[in-house]
Amino acid sequence: MKLHRVLATAAVTAVLSPIALFVAPAAYATSESAKPSAEPSPTYTRPAFCSGIPDEERGKTSLRGLPETIAAGSGWHAFTYRVTNVSTIKVMETDVSLYLGTGDPEIDDVAQLGVTVEWFDSATGQWKAIEGEGADVLDNEEFATVGTLAPGEYADAEMRLKVGERATAGTGYFFTTGHSYGEDGQCGFDDISQFDFRIVTPGSEPTAVGGAAVAMGAGAVFVVRRRQAGSAA
């Protein structure tokens, strides 16, 4: 398994009610069309001490509309990154991440897949690279923050990806995960979901969208270094 970083834990389920909005860390956006919006919680302060991983998953992350097959050099493909509060506790904030990896034995480095991923920051009205061209190392970690989500609410972010013309044909996957801060003072990493895709040669016909989620084993280990609780997002 070849990843930029090594991840962990297990995945759960659920897609429930209305739409909310992703925001860039420490820069919250507003939108009249999003009801309700992911409230920035201006009075909320992250705890100085994190109580550890909660007993239940809080911010369930998923990718919606991710193509199962992508032809090299075929341009941009749109999909959605969603965070759903699947718990019974109000989630005050969730930092979200996306990781590119491959288990293909013919690929030595994920860079050979030629994948570039961007998300649309509605606060600035601009696309921002988090993977591939234009992205720095670790731009994919905690690239956005979701504000307050009541139980059953979810937030969506517009995403897009492209594959370079010289990409190596093969298989890859994305891991999605969040780090949530609950109203009850508990905070910690949410479960991880995996979404698979295949890169094919230029001119090949892509298949239907899918990217089905795969549950990660609970025995995996999360080794990503995080900022201290209470630091700027």
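Select Ser 97 to begin: this residue is found in strand E6. Strands (E, at least two residues) and helices (H or I, at least four) are DSSP runs, numbered from the N terminus. The model is predicted, so local features need pLDDT of at least 70 and side-chain atom pairs count only at pLDDT 80 or more, while totals for chains, interfaces and linings use all residues. Residues are numbered from 1 along each chain as its sequence is written, and side-chain values use heavy atoms, with hydrogens and water left out.

**Stop 1: Ser 97**

Is Ser 97 buried or exposed? Ser 97 is buried, with a relative accessible area of 5%. Buried means under 20% relative accessible area, exposed means over 50%, and partly exposed lies in between (1.4 Å probe, protein chains only).

Now show Glu 142. The side chain of Ser 97 reaches the backbone nitrogen of Glu 142 at 2.7 Å. This is a polar contact, a pair of N or O atoms within 3.5 Å; within protein, one must be able to donate a hydrogen and the other to accept it, and residues adjacent in sequence count only if both atoms are side-chain atoms.

Leaving aside neighbours within four places in sequence, Ser 97 is in contact with residues including Tyr 81, Phe 143 and Phe 175. Contact means heavy atoms within 4.5 Å.

**Stop 2: the whole chain**

Zoom out and colour by secondary structure. The protein chain has 0 helices and 14 strands. Buried residues make up 46% of its 233 residues. Look at contacts with a separation of 6 or more: residues 24 or more positions apart account for 78% of them.

**Stop 3: the open sheet**

Select E3, E5, E10, E7 and E8. These 5 strands form an open sheet in the order E3-E5-E10-E7-E8, with antiparallel pairing. Two strands pair if DSSP finds at least two bridges between them. Which strands stand at the edges? They are E3 (59-64) and E8 (126-131). Each has a single partner strand, so one side of each is left without a neighbour in the sheet. The twist averages 30° from one strand to the next. Axes here are lines fitted to C-alpha atoms, for helices over the stretch in contact, and angles run from 0 to 180 degrees between N-to-C directions.

**Stop 4: strand E10 and its partners**

E10 is mostly covered: 7 of its 10 residues are buried. On one pairing, 8 bridges join E10 to E5, and the two run antiparallel. Find Val 83, which stands opposite Ala 155 in E10. Arg 82 stands opposite Asp 156. Then turn to E7. Here 5 bridges make the join with E10, again antiparallel. Val 115 stands opposite Val 163 in E10.

**Stop 5**

In soluble globular proteins, nonpolar side chains tend to be buried together.

Centre on Met 159. Leaving aside neighbours within four places in sequence, Met 159 is in contact with Tyr 81, Leu 98, Val 117, Trp 127 and Phe 143, among others.

**Stop 6: charged pairs**

A salt bridge is a side-chain nitrogen of Lys or Arg within 4 Å of a carboxyl oxygen of Asp or Glu. How many salt bridges does this rule give? The count comes to 7.

Go back to Asp 156 and Arg 82. Their side chains meet in a salt bridge (2.7 Å, N to O). Asp 156 lies in strand E10 and Arg 82 in strand E5, so the pair ties together parts that are 74 residues apart in sequence. Arg 82 is buried at 7% relative accessibility, and Asp 156 is buried at 19%.

Next, select Glu 93 and Arg 46. They form a salt bridge, with the closest N and O atoms 2.7 Å apart. Glu 93 is in strand E6 and Arg 46 in the loop between E2 (22-23) and E3, 47 residues apart.

Last, pick Asp 121 and Lys 128. In this salt bridge the closest N and O atoms are 2.9 Å apart. Asp 121 counts as buried at 0% relative accessibility, whereas Lys 128 is partly exposed at 31%.
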